[in-house]
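Please open the structure in your viewer and keep the selection tool at hand.

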Amino acid sequence: MNCPKADKLSQYVDNLLTEQEHSRIQQHLKSCDSCKSIVELFKEEEQFIKGSLQSPTLSDDFASIVLDKLDPYKKKKARRNSQMVRRILILAAGVLLALSLTATINPSFAQFIGGLFSTKQVDEGLQMASDDGLEKRLDLEVSDQGLTFKVEDIIVDSSRVALSIQVINENGIAERPNISNNGNIISVTGYNGSYNYSMGYRMDNGLDYNSLQVFINDEPGLEKVTIKFHLVELNGKQGNWELEIPVEVADKEKETRKVLLNNAAQNIDGVEVTLKEIQYAPTSNTLLYETAYQTSELVEAEEKLKYLKEEFGYNVSELLNFGTSIKYYIENEEKKIILKFSPFTNKEPNDDKLIISSAKGKGKLGHAAWKESFVPEKVDSKLTFVLEGVYKVVPTDFSVKFNPEKIEDNPVSFEYMGNAVTIKKAKLQNAVSADDSAFFEIEMEVCQESNAAVLGNWVLKGDTGSAYRIDNETTEKVNECFKRSIYFKTNGLAEVPDEMSLHLLTATRFFELEEKWKIPLYE
């Protein structure tokens, strides 16, 4: 199961979901620390609101009266251990101690405390940057239909640009931002001194803020980033909210220490790993490296994939994604592991120190440039990269036949590459209207041995030889196994044949190093 959206987790806390949805999220929380943390924050917010509603409301000018009696707020330069307390709760405690009052807190207090980047709603790298005074107050806003869209704070270094976003209603109360995909456009443009080009971004949902991040540490020569918001729907209301935010980044390189890793390389079972460099920036450390098939492995893979293309019509890029990847960890001088990374999070969830992982194709089949950004150490330490093994996508020629009508009474089971698989459901879902597509749903239970391969792309075939592709799929952990539901687009399949077959096109195998490969990430 993919991580639910924040609004689903909020509904889970408020008991507004169906019994089935509630059960699925409850099961997901057992194996997802990230979602579990969000749920705990929602519960804290709920308890705070309950307490607030039972208290008398302060006058509108109460905030200004109290602020006049306080020293101006100054950002602390020294790093501190951030407590898992929301801004509004910190302030509420201060008011209670100073004035022995219980009251509903005016939203302006939350802004006075320091904004999103001083809270647990963002990763530790942004929290530390906020503690070090790298946060800048923007307070750019635009209003329409009684809602104000506001970009409050910004943090910029050579690794990323981060914005904190608020939505404030006509009563001056901050609402949880809800920026849908209905006509809303958020564009990010980079300028490298010669030309403009489009860039990606990531939007993370919080409790009373959203954060937008643009990762820039593999963009050579980047001088400026421009972020444009063109919103026509905000928190369920139709309107027009437009903001443009230019961000200068050219001078941020001086804040970053780069250590070249001299193309240190290792070959493992047909996969070549090459380390490029590590960048130490204020909000994150970023490791840059490449993975690729060795020449003989590449030739063999291309031949097998050529057959699969002829047989099923798949392009090579659709089957392999990036083809090669690695599993590693990073340790400090005390041999304490500060980051664990594996691209297959269903089997081995990454820790919360990982900020982002991404890869770009380098032209050849299986050749990719990777970057992983992770939370920096609070105290400078000499780090070491430790390679545990490599992942390699391999073409397969495995297939299994079944009778869809009998599958529920007589499930079909098989074992392949360390996977014990049982097909439990095979059902045609007819199109609801002429504009919709028909789907064939396959539900399988997959139980894996410790070093089992990850089963990749499947194709469904009918008795006439027609091949149907995967349109969508979901994976949910159930006890020690996984429930994988695969949906094939089957337009033209009027009746379910007595016999159908599933063909596995690829699988990803892990090859573990007998002796771990260690490379120092310092000069």
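Begin with N184, which sits in the loop between β4 (174-175) and β5. Please bear in mind throughout that the model is predicted.

Is N184 buried or exposed? Its relative accessibility is 14%, and because buried means under 20%, N184 counts as buried. Display its side chain next. It reaches the backbone oxygen of S180 at 2.9 Å. A polar atom of the side chain of N184 also lies 2.9 Å from the backbone oxygen of E233. To see what surrounds this residue, select I179, H230, L231, V232 and E233: N184 is in contact with these, leaving aside its neighbours within four places in sequence.

Now select strand β5 (residues 185-191) together with strand β9 (residues 224-234); seven bridges join them, and the two run antiparallel.

In which order do its strands lie? The order is β6-β5-β9-β10, an open sheet of four strands with antiparallel pairing. At the edges are β6 (196-199) and β10 (237-248), each of which pairs on one side only. From one strand to the next, the twist averages 20°.

Move to N332, in the loop between β14 (324-331) and β15 (337-341). With a relative accessibility of 6%, N332 counts as buried. Which backbone atoms lie 3.0 Å from a polar atom of its side chain? One is the backbone nitrogen of E334, at 3.0 Å. Another is the backbone nitrogen of K336, also at 3.0 Å. Then highlight I338, E377, S381, K382 and L383, which N332 touches when residues up to four places away in sequence are not counted.

**Last stop: the disulfide**

How many disulfides does the structure hold? It holds one. A disulfide is a covalent bond between the sulfur atoms of two cysteines. To find this link, select C447 and C481, whose sulfur atoms are 1.9 Å apart. The pair links distant parts of the chain, 34 residues apart: C447 belongs to strand β21 (residues 439-448) and C481 to strand β26 (residues 481-489). The angle about the S-S bond is 100°, and the link of C447 and C481 is right-handed.

C447 has a relative accessible area of 23% and is partly exposed, whereas C481, at 14% relative accessibility, counts as buried. The two fall into separate classes because buried means under 20% relative accessible area. The tour ends here.

Notes. Residues numbered from 1 in each chain as written. Predicted model: local features only at pLDDT ≥ 70, side-chain atom pairs only at ≥ 80, totals over all residues. Heavy atoms only, no water. Pairing = 2+ DSSP bridges. Axes fitted to C-alpha atoms, helices over the stretch in contact; angles between N-to-C directions. Buried < 20%, exposed > 50% of the residue type's maximum accessible area, 1.4 Å probe, protein only. Polar contact = N/O pair within 3.5 Å; in protein donor to acceptor, adjacent residues only side chain to side chain. Contact = heavy atoms within 4.5 Å. Disulfide = S-S within 2.5 Å.
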